[in-house]
Amino acid sequence: MPQDSTFSFENPEYRATYWHTCSHVLAQAVKRLFPDVKLAIGPSIDEGFYYDMDSPFPFTPEILEQIEAEMRKICKEKLKLERFELPRDQATAFMEERGEPYKVELIHDLPEDATISFYKQGEFTDLCAGPHLDSTGRIKGNALKLTACNAAYWRGDSSRQTLQRIYGIAFPKKDELDAYLQRIEEAKKRDHRRLGKELGLFMLRDEGPGFPFFLPKGMTLKNTLLDYWRAVHKKYGYVEISTPIMLNRQLWERSGHWDHYKQNMYTTVIDDVDFAIKPMNCPGGMLVYASEPHSYRDLPLRVGEIGLVHRHELSGALHGLFRVRCFNQDDAHVFMTRDQMQDVIQETVRLFDEVYSVFGLSYSIELSTMPDDHIGTVEEWEQNQNILKNAITAMGKDFVINEGDGAFYGPKLDFHLSDSLGRTWQCGTIQLDSQLPERFELEYTGEDGEKHRPVMIHRVVLGSIERFIGVITEHFAGAFPAWLAPVQVKILPVTDRAALYANTTANQLDQHGFRVEVDARNEKIGKKIREATLEKIPYMLVVGDRDIENNTVSVRRRSGEDLGPMTLDSFLAMLQEEVTQKTIR
RNA sequence: GCUAGCGUGGCUCAAUGGCAGAGCACAUCACUCGUAAUGAUGGGGUUGUGGGUUCGAUUCCCACCGCUAGCUCCA
C-alpha cells in the first residue's frame, strides 16, 4: 500500500492495516524466537492489535521485551509483503506442513467459495485476507510496544483451548506512542475504584465480593442522583412503585426467568417453597399492573421503580462498580397500545437525551436483534425490531445493529456511554416486550368495551445506579458538578478567631439546603486549601479577620481560581444558580 | 469460571529464610498563621486464611479466600 497523503494514520482503514501488519510482524518475531509456538489469529482492534498463540510456556514481561526487540529488527529488515492464493487442499497442506493446526481449522471452516489468500514476508507466511502494508519497513520500530499478555479462548469459546493473547500498540511516530502511554496513565488516575476510595464514596470487602458498600459521601451522591431522576420522571408522567426483592418460583416460571436466567439467580427455600431473589424487576411490575383493571384512557401507563436486583456474575467478571452482583436499576415499564409504541419510544429517547446532556455524556445506539434463546414468533420479533428502528430513524439518530444480542423476550435499543478510558458502557436500554403481557395475561378495556392486551417496554436511563456512579466518577475525574458534589462548600477559618464566624456561615449555607463542612483544625490555611482541593470540593470559603471585619467570605474554586471576597448573599446567589442550572465546570 | 500475576498498619509502598520499616493519616503538645503540605513526640502490624517444609517462614511449597489484567458474560 503506497504511503501517500490519502493513507494518513488518521484514516481508520489505514490505521487498521498498519496494526494488522504489526500483528504479522509480532507473529514472525515469536516464530523466530520460539518455533514451537502455534499461531491462531491476529487482527487489529480499536486501539492496536493482538495475536493469539498456543505456547507451551507463559510469556513473561522479559520475553515480551525480547519479542519486541525482534519485531524492531524485522521492521529494519524492510521485508516486502507478498500476497498469493492457494486452492483449499494446497492451503491446508501448506499449513499442515508448517505444523499450524489452528490455521488448518480456520481454512477448513472458510466458506466453500472463499478465496484463500496468504501474505509472505521474508521466511514467514500467514493465512490472511489482508490488506497489508507493502513492507515491514513502513512500521516505525521505536514507536511500537507490546502492552500485555493475557488468556483468551480459541474462537471465543470457553469450552475450548485457552490461548495466550499478546496485545500491542504502534504509531508512525515515537511521540504519538508516548502521548498514548501518557493518556493511559492519566486514565488510571481517574479510575473510579481509586477515586471511590480516595473520596470516601464506596468500598468493597472480601466479605461481599461484588456487593458494594456505600459510604456517607457516596450515599449523598447516590441520593442526589435519585432526587434528580425522580424529578425528571415526574415531568415525563411516571409514577413510582417498589416491588419485593424475593418472590416465589411460580412467578419466575411464569415470567420465563426460571427457564432462561436461572444460572444467574440466587435462590433459597422458605417453608419448603423455592424462592428467588429478583434479578430483574419486571415480574413484580406485571403483578402491580394486573392488580387492578385498566382503561385505554390510562395508557400509556408509565411505572418507574428503583429496584435492587441481584445477579450471580462470574467472579472474574467483577470490576469495581462497573460490574457488581447487586445493583439498583432505575427501571420503568411503560404499558401501551400497539399504536402508541412509536410515540412512547421517541418520548423515552427524548428523556434519555435530557438526562445524558445534564452530565455532558455522549452516546451511541445499538439495536440488538433476536437471540437463539428466545420466546415469541419470528414475525413478532421482526415487527418489533422495525418499530424500534423506525422510531429512532425518524428522530434522525444513527444506530448499529448487534445481531442476536436481544433479551430473550424482545429486541432492544442499547445506549452506550463513553468513559475516560475510551471504553463504552451500556447504560440506557429500551426493550420492547409483547411476551410478558401475554404470560401475565395483562389487559385493558378498549374504546369498544372489549378486553385487549397491552404491549410494554422495559427501560432504564442510568442502567445501574452503581455503574452510572462509576462512569461519572471517571468522567468528571471525581470533580462532580456542584449540584452533585457530596460536599459543595468547605469553610476554612484562617485562625481560631474565625471559628465562630465559620460556624455561623456554615449554618446559613445549611439552612439554604447546601452541603457544607467546616475545617476547624488548627492547621495553616495553605494546608486546608490543599486538602479541600484534593477532596475536589467545588467551593472553598476562606474566612479570617478581614472577612469578619468586612462581613465577607473569600471564595476559591477547586480549579484554583480565586474569586476574592464577596458577601455571603452574593455567594449564595452564585451557588444557587450553578446548582439550579446543573452547570458543569 | 478460565489463564497469568498479586495480597505487608486506615491509605500508598519498602524489606528479608534470622528483632517488620517509611511517608501520609490518627493522637498529644507547641505555633494562631490569608490561598496547594509548620514542627516535635507518641500509639498502631499473628505480613489475606489454613496446612506443610525448616532450628527458625512474612519470605519456600500446597489448598482456600480476595484483588488485578484479559477471555467469557453483561446493567
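Between which helix and which strand does the loop holding Lys78 lie? Lys78 lies between helix H2 (61-76) and strand E4 (81-85), where helices (H or I, at least four residues) and strands (E, at least two) are DSSP runs numbered from the N terminus. This briefing concerns a predicted model, in which local features need pLDDT of at least 70, side-chain atom pairs count only at pLDDT 80 or more, and totals for chains, interfaces and linings use all residues. Residues are numbered from 1 along each chain as its sequence is written, chains are lettered from A and ligands numbered from 1 in the order in which they are written, and side-chain values use heavy atoms, with hydrogens and water left out.

**Domains**

- Chain A is divided into domain 1 (12-181), domain 2 (195-245 + 280-475) and domain 3 (489-580), with bounds that come from an automatic or database domain assignment.
- A distance of 40 Å separates the C-alpha centres of domain 1 and domain 2.

**Surroundings of RNA strand B**

- RNA strand B is surrounded by 52 residues, each near it in the sense that one of its heavy atoms lies within 4 Å.
- The closest of these residues are Tyr153, Asp206, Asn522, Arg530 and Arg546.
- Of the atoms of RNA strand B that come within 4 Å of the protein, 47% belong to sugar and phosphate.
- The side chain of Arg497 places a polar atom 3.0 Å from a phosphate oxygen of RNA strand B, and the side chain of Thr162 has an N or O atom 3.1 Å from a sugar or linking oxygen of the RNA.
- An N or O atom in the side chain of Arg467 is 3.5 Å from a base oxygen of RNA strand B.
- Elements that give two or more residues to this surface include strand E7 (144-153), strand E8 (162-170), helix H6 (192-198) and helix H16 (525-534).
- H16 provides the largest share, eight residues.
- By class, the surface has 16 nonpolar, 15 polar and 21 charged residues; Ala, Val, Leu, Ile, Met, Phe, Trp, Tyr, Cys and Pro count as nonpolar, Asp, Glu, Lys and Arg as charged, and the others, Gly among them, as polar.

**Hairpin and backbone features**

- Strands E13 (residues 267-270) and E14 (residues 273-277) run antiparallel and are joined by four bridges; two strands pair if DSSP finds at least two bridges between them.
- Thr267 has Ala276 in E14 as its bridge partner.
- Two residues lie between the strands of this hairpin, and Asp271 takes a positive phi near 50° there.
- Asp271 is exposed, with a relative accessible area of 69%; buried means under 20%, exposed over 50%, and partly exposed in between (1.4 Å probe, protein chains only).
- Lys78 also has a positive phi, of about 50°, although it is not a glycine, and Lys78 is exposed at a relative accessible area of 56%.
- The peptide bond from Leu299 to Pro300 is cis, with omega near -5°, and Pro300 lies in the loop between helix H10 (282-290) and strand E15 (301-310).

**Cysteines**

- A search of the whole structure finds zero disulfides, a disulfide being a pair of cysteine sulfur atoms within 2.5 Å.
- Cys22 is buried at 0% relative accessibility, and its sulfur is too far for a bond because the closest cysteine sulfur, in Cys75, is 6.8 Å away.
- Cys326 is buried at 13% relative accessibility, and its sulfur is 17 Å from the closest cysteine sulfur, in Cys427, which is too far for a bond.

Conventions:
A polar contact is a pair of N or O atoms within 3.5 Å; within protein, one must be able to donate a hydrogen and the other to accept it, and residues adjacent in sequence count only if both atoms are side-chain atoms.
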